[in-house]
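Please read this report with the sequence and the structure side by side.

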Amino acid sequence: VQNSVVPDVGPPTITMVSDDGGANPIAAQTLTRTEETLTLIGNELASVTAVEIMDGNLVVQTILPAQEYVVSNQRIDIPAGIISDAAEGNVRTVRVWNTIGASEAGPQEFKIEAGKPVITASDFDNQVYDRAQTLVVQGYGFKSKAAGETRLAYIRVDDADGSAVDDNGTGFSLPSDGLPRAAAFEVISDRLAELSMDSIGAAADGSNRRLRVARKTVANAADLDLSLIHISEPTRRYAISYAVLC
């Protein structure tokens, strides 16, 4: 509406890039893309059509269309999960476009890292899942440029109380140790992956189960808190059963 009443006569400008809702400029250290919102403060932002993440003069990700992230003529919020693994790296900047042209890059330079993966849905949410089938999961943070955690590689299945029922321990027919265990994924993109059939064990059988996924794990139970920051759970539950063939 603002742009219809007072049309843009020049490109937009970015006066601050923030990861705390615009209260302060982003620190140089990092933006955790799966957990933090990237806020752009400036002018003539209501008509922005595209947002570009830059590595020097190189565009590493284009967010298009960008209208759904416009809050006002002075603010754009890009929520967690929109920035992809392609944008990860050091010394990143942001610029935006409207119909007139591109802004200068925002004044802050920062690092982008992945953060923990997040599951938003699976193809068996609120249904009975047969362990002999593949399981498609949707979310973000499934890939990363970080060494040693480039893609989903671990799972844990929890009960309704959040206690592990299928993990590294049960995978070796031992008592549960709470640590995620290795599993085979086909990681199609940062937002889509397929868990191979028979990846979930019999220890997980039952109702109201939750799947957690991770790109890396730890070796010792004493470091469990560290491993859990790399594990996320879906918003819905599903049951797991044996295949029944007649």
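Predicted model: local features only at pLDDT ≥ 70, side-chain atom pairs only at ≥ 80, totals over all residues.

Glu 88 lies in the loop between β7 (75–78) and β8 (89–97), whereas Arg 33 lies in the loop between β2 (31–32) and β3 (38–43), so the pair ties together parts that are 55 residues apart in sequence.

Are these two side chains buried or exposed? Glu 88 has a relative accessibility of 6% and therefore counts as buried, and Arg 33, with a relative accessible area of 1%, is buried as well.

The structure holds 11 salt bridges, and two others among them can be described in some detail. Side chains of opposite charge can pair when their charged atoms come close. Arg 95 forms a salt bridge with Glu 52, with the closest N and O atoms 2.5 Å apart. This pair links distant parts of the chain, since Arg 95 belongs to strand β8 and Glu 52 to strand β4 (residues 50–55), 43 residues apart. Arg 95 counts as partly exposed at 22% relative accessibility, while Glu 52 is buried, with a relative accessible area of 10%.

The side chains of Asp 55 and Arg 92 also meet in a salt bridge, at 3.3 Å from N to O. Asp 55 lies in strand β4 and Arg 92 in strand β8, so this pair ties together parts that are 37 residues apart in sequence. Here Asp 55 counts as partly exposed at 33% relative accessibility, and Arg 92, at 5%, counts as buried.

## A four-stranded open sheet

Which order do the strands of the open sheet follow? The sheet has 4 strands in the order β10-β12-β17-β16, with antiparallel pairing. β10 (118–122) and β16 stand at the edges, each with a single partner strand, so one side of each is left without a neighbour in the sheet. Neighbouring strands of this sheet are turned by 30° against each other on average, when direction is ignored.

## Strand β17 and its partners

Strand β17 (residues 192–195) pairs in the antiparallel sense with strand β12 (residues 135–140) over 4 bridges, and in that pairing Gln 138 stands opposite Leu 192 of β17. Strand β16 (residues 185–189) is also joined to β17 by 4 bridges, and these two strands run antiparallel. Glu 186 has Glu 194 in β17 as its bridge partner, and a hairpin of 2 residues joins β16 to β17.

The side chains of β17 can also be sorted by face: Ala 193 and Leu 195 make up the covered face, whereas Leu 192 and Glu 194 belong to the uncovered one.

## An exposed loop residue

Asp 161 has its place in the loop between β13 (154–158) and β14 (164–166). With a relative accessible area of 71%, Asp 161 is exposed. Asp 161 and Asn 208 are 47 residues apart in sequence, and their C-alpha atoms are 9.3 Å apart in space.

Technical notes. Residues numbered from 1 in each chain as written. Heavy atoms only, no water. Buried < 20%, exposed > 50% of the residue type's maximum accessible area, 1.4 Å probe, protein only. Pairing = 2+ DSSP bridges. Axes fitted to C-alpha atoms, helices over the stretch in contact; angles between N-to-C directions. Salt bridge = Lys/Arg side-chain N within 4 Å of Asp/Glu carboxyl O.
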